Amino acid sequence: MKNTGTLKVTTSGDREVVMTRVFDAPRDLVFDAFSKPELLKRWFGPRGWSLVVCEVDLRIGGGFRFVLRGPDGRDMGMRGTYREIVRPERSVHAESFDDFPGQSIVTAVFTESGGKTTLTATVQYESKEVRDAVLKSGMEHGAAESYDKLAELIATGEASRVATGA
């Protein structure tokens, strides 16, 4: 896994990671790609991983449950609860992983300009130590590969067809 340079990852303060990526698509479509199971199943997770469980209840107080399966058959589960949804501009959710302690707060902002959407995802961890451990775990590369897969899905036009049911 690697970051091909399309995903910018920085830290902010002692507990935050900020990820920024530009997608060649309107923000309605990018927001849908982050919230509709039929799209998430096509791109979410690093290369070689599949999203074998994808449940989304997109409302404040609703949540999601994802289980990714790796090429070695190992599962990685995660869940979250939506705290704020302003479609297609912003969402905020709490997120936790089955095999890792703690919870993070993810704020995703979708900004459109000239038909392109900039996603800025800010992840706030419980402590600097947790944030640093996540960075060392390879999170950046897994996120970069996932976002590359989404960009490829958008480029083929499949994301638009799935989102509109065409």
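This is a predicted model: local features need pLDDT of at least 70, side-chain atom pairs count only at pLDDT 80 or more; totals for chains, interfaces and linings use all residues.
1. Overall architecture. The protein has five helices and eight strands. Read from the N terminus, these elements follow the order β-β-α-α-β-β-β-β-β-β-α-α-α. The radius of gyration is 15 Å, close to the 15 Å given by the globule rule for 166 residues, so the protein is as compact as a globular protein of that length.

2. Dimensions and surface. Along the principal axes, the C-alpha atoms fill a box of roughly 45 × 35 × 35 Å. The accessible surface comes to about 8400 Å², and carbon and sulfur atoms account for 49% of it. Of the 166 residues, 44% are buried.

3. Contacts across the sequence. When contacts between residues at least 6 apart in sequence are considered, 48% of them join residues at least 24 apart.

4. Aromatic pairs. A search of the whole structure gives eleven aromatic pairs. One of these is formed by tryptophan 43 and phenylalanine 44, an edge-to-face pair with 5.6 Å centre to centre and 70° between the planes. Tryptophan 43 and phenylalanine 44 are both buried.

5. The pair of phenylalanine 44 and phenylalanine 66. These two residues form a tilted pair, 5.0 Å centre to centre with 55° between the planes. The pair links distant parts of the chain, 22 residues apart: phenylalanine 44 lies in the loop between helix H2 (37–43) and strand S3 (50–56), whereas phenylalanine 66 belongs to strand S4 (residues 63–69). Phenylalanine 44 has a relative accessible area of 18% and therefore counts as buried, the cut-off being under 20%. Phenylalanine 66, at 6%, is likewise buried.

6. The aromatic cluster. Phe44 and Phe66 belong to one aromatic cluster, together with Phe23, Phe31, Phe34, Trp43, Phe64, Tyr82, Phe110 and Tyr147. Tyr147 is also among the buried residues of helix H4.

7. Packing of helix H4. The buried residues of H4 include Met139, Gly142, Ala143, Ala144, Leu150, Leu153 and Ile154. Glu145, Asp148 and Lys149 are buried in this helix as well. The buried residues of H4 pack against strands S2 (16–23) and S8 (116–124), and against helices H1 (27–35), H2, H3 (128–136) and H5 (158–164).

How values were computed: Residues are numbered from 1 along each chain as its sequence is written. Side-chain values use heavy atoms; hydrogens and water are left out. Rings of Phe, Tyr and Trp (its six-membered ring) pair if their centres lie within 6.5 Å; planes under 30 degrees apart count as stacked, over 60 as edge-to-face and the rest as tilted. Buried means under 20% relative accessible area, exposed over 50%, partly exposed in between (1.4 Å probe, protein chains only). Helices (H or I, at least four residues) and strands (E, at least two) are DSSP runs, numbered from the N terminus. Contact means heavy atoms within 4.5 Å. The radius of gyration is taken over C-alpha atoms; the globule rule is 2.2 Å times the number of residues to the power 0.38. Accessible areas come from the Shrake-Rupley method with a 1.4 Å probe; for residues, only the protein chains shown count as cover.
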